[in-house]
Amino acid sequence: MASSSGDKVSMPLFHGDDYASWKVKMRTYLMSEGLWCIVANGYLEPSDETTLPESKKKELESTSMVNAKALSKLQNGVGVTIFPRIIRARSAKEAWDIIAKEFEGTQLLVKIAKIHHDPKLWPNPEEFKPKRFLTTHKHIDYRGQDFELIPFKSGRRICLGMSLASESMLLTLANLLHGFDIASPTGGPVDMTEGPGFTLHKANPLEVLLTPSFPAHLYA
Ligand code: HEM
């Protein structure tokens, strides 16, 4: 974020979080560089420069340079995940508007894992008990119909790979369990500590010992 070193204001970087602060800091920064006007008012590239009078050509050249400077500041003022969104922008205003359109306003993020571990919905949520889906919770439809279990989300933006994932997960898991004995290297319980993040990350890498259940030639 913006900071001063001597008289120079450093450029604020935007990685997708806290757009409101970045917007204010970036606007101030662009003002301090004399570039805000071109971002706010835009710049129109003429379709045919050759027909313009010489004075207009000169004026255009300097406006085009200011635009390029401002555009370059915006391209460098965003992180690698945001940059592709403005890669096609020809003017600084266009880039600024693309970012505003995407990040202005409130973004609501639903932490699905929290719902899936809610004791009001799931008795003993931490207990690994797949049998519940054959008994007490056999009515549950995970394909976005019952909101207490929505691993693929629900509604219009539901996961497009849901069917593929459901089939391949079953086959992959069945093959693994059929072909290998799975244990932890220490023989103790698997470390399930959660790390920070919007989705559920493991805090520490998974360590498992896979022992083939059959002779080696059957795995070729
Ligand atoms: C177990 C495996 C998978 C799970 C749990 C899963 C889960 C999800 C979830 C929760 C979303 C919604 C994300 C959001 O809007 O915030 C999503 C979106 C999406 N998933 Fe999956 N997914 C899985 C596998 C796959 C596979 C195998 C494919 C493709 C072959 C796929 C393609 C997509 C696509 C394209 C979207 C974006 C849909 C859209 O926004 O319109 N997913 N997935």
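Here is a walk through the structure, from the whole chain down to single residues.

What you are looking at is a predicted model, in which local features need pLDDT of at least 70 and side-chain atom pairs count only at pLDDT 80 or more, while totals for chains, interfaces and linings use all residues. Residues are numbered from 1 along each chain as its sequence is written.

Let's start with the overall layout. The protein chain holds seven helices and six strands, where helices (H or I, at least four residues) and strands (E, at least two) are DSSP runs numbered from the N terminus. Follow the sequence and you read β-β-α-α-α-α-α-α-α-β-β-β-β. The C-alpha trace spans about 80 × 50 × 40 Å along its principal axes. The radius of gyration of the protein chain is 27 Å, whereas a compact globule of 220 residues would be near 17 Å; that radius is taken over C-alpha atoms, and the globule rule is 2.2 Å times the number of residues to the power 0.38.

Burial tells its own story. A residue is buried if 20 or more other C-beta atoms lie within 10 Å of its own, exposed if 12 or fewer, and partly exposed in between, with C-beta atoms placed from the backbone. Of the 220 residues in the protein chain, 10% count as buried. As for contacts (C-beta atoms, placed from the backbone, within 7 Å), take those between residues at least 6 apart in sequence: 47% of them join residues at least 24 apart.

Asn67, Ala70, Leu71 and Leu74 are the buried residues of helix 3, and they pack against helix 1, helix 2, helix 4 and helix 5.

That brings us to helix 5, which has twelve residues (92-103) and reaches 17 Å from its first C-alpha to its last, close to the 16 Å expected. Its buried residues are Ala92, Lys93, Ala95, Trp96 and Ile99. They cover an arc of only 165° around the axis, so they sit on the same side of helix 5; the arc is that of the directions from the helix axis to the C-beta atoms. Just after helix 5, Gly105 takes a positive phi of about 95°.

Helix 7 (residues 162-179) is another matter. Its 18 residues should span 26 Å, and the end C-alpha atoms are 25 Å apart, which agrees. How many of its residues are buried? The number is zero, so helix 7 lies largely in the open.

The ligand comes next. Around it are Pro151, Phe152, Lys153, Arg157, Cys159, Leu160, Gly161, Leu164, Ala165 and Met169, a residue being near a molecule if its C-beta atom, placed from the backbone, lies within 6 Å of it. This shell divides into seven nonpolar, one polar and two charged residues. In that scheme Ala, Val, Leu, Ile, Met, Phe, Trp, Tyr, Cys and Pro count as nonpolar, Asp, Glu, Lys and Arg as charged, and the others, Gly among them, as polar.

With 13 other C-beta atoms within 10 Å, Lys153 is partly exposed. Asp18 also has a positive phi, near 50°, and lies in the loop between strand 2 (8-9) and helix 1 (19-32). Asp18 is exposed, with 12 other C-beta atoms within 10 Å.

Pro12 lies in the loop between strand 2 and helix 1. Although Pro12 and Met26 are 14 residues apart in sequence, their C-alpha atoms are 6.0 Å apart in space. Pro12 has 19 C-beta neighbours inside 10 Å and counts as partly exposed.

Finally, turn to Ile115 in helix 6 (residues 112-116). Leaving aside neighbours within four places in sequence, Ile115 is in contact with Leu121 and Glu148. The C-alpha atoms of Ile115 and Leu164 are separated by 24 Å.

Methods
The expected span of a helix is 1.5 Å times one less than its number of residues. Two residues are in contact if their C-beta atoms, placed from the backbone, lie within 7 Å.
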